[in-house]
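Look at the sequence and the model before reading on.

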Amino acid sequence: VQLQASGGGLVQPGGSLRLSCAASGRTFSSYAMGWFRQAPGKEREFVAGISWGSSSTYYADSVKGRFTISRDNAKNTVALQMNSLKPDDTAVYYCAAGLGLSTVVAGYHYWGQGTQVTVSS
């Protein structure tokens, strides 16, 4: 599976962004998908995850109620809608695919290249 993340950019605090991740390969619907982020000098951290059939979603406490993950298996895409953005959300965001829904980096086998999100006034 090859992943391509897009949609990052510069946004003011309180604003919104929608990240998208396009996947190649016919087995996309077999994978759980996750979004992670990495700020400068920090470890990569889990943001949100969704099971292969969208029946289960997990969110980091820091983004609950503000971010929503979704997927469209017919289009091989997964999205992360980010609302009420804060400066602490500034990071490179990565999409990832794994065999099962997980909240840890080691649980995902395929990674996209990352897209920069900067929240600043």
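K64 is partly exposed, at 49% relative accessible area (buried means under 20%, exposed over 50%, partly exposed in between, with a 1.4 Å probe and protein chains only). This is a predicted model: local features need pLDDT of at least 70, side-chain atom pairs count only at pLDDT 80 or more, and totals for chains, interfaces and linings use all residues. Residues are numbered from 1 along each chain as its sequence is written, and side-chain values use heavy atoms, leaving out hydrogens and water.

**Salt bridges**

- The whole structure holds 4 salt bridges (a side-chain nitrogen of Lys or Arg within 4 Å of a carboxyl oxygen of Asp or Glu).
- K64 pairs with D61 at 3.2 Å, N to O.
- D61 is exposed, with a relative accessible area of 66%.
- D89 meets R37 at 2.9 Å, N to O.
- Both D89 and R37 are buried.
- D89 also bridges to R66, at 2.8 Å, N to O.
- D89 sits in the loop between strand 8 and strand 9, and R66 in the loop between strand 6 (57-59) and strand 7 (67-72), so this pair ties together parts 23 residues apart in sequence (strands are DSSP runs of E, at least two residues, numbered from the N terminus).
- Shared partners join R37, E45, R66 and D89 into one network.

**Disulfide**

- A search of the whole structure finds 1 disulfide (a pair of cysteine sulfur atoms within 2.5 Å).
- C21 and C95 form this disulfide, with sulfur atoms 2.1 Å apart.
- C21 lies in strand 3 (residues 17-24) and C95 in strand 9 (residues 91-98), so the pair links parts 74 residues apart in sequence.
- Both C21 and C95 are buried.

Definitions and conventions:
Helix = DSSP H or I, 4+ residues; strand = E, 2+ residues; numbered from the N terminus.
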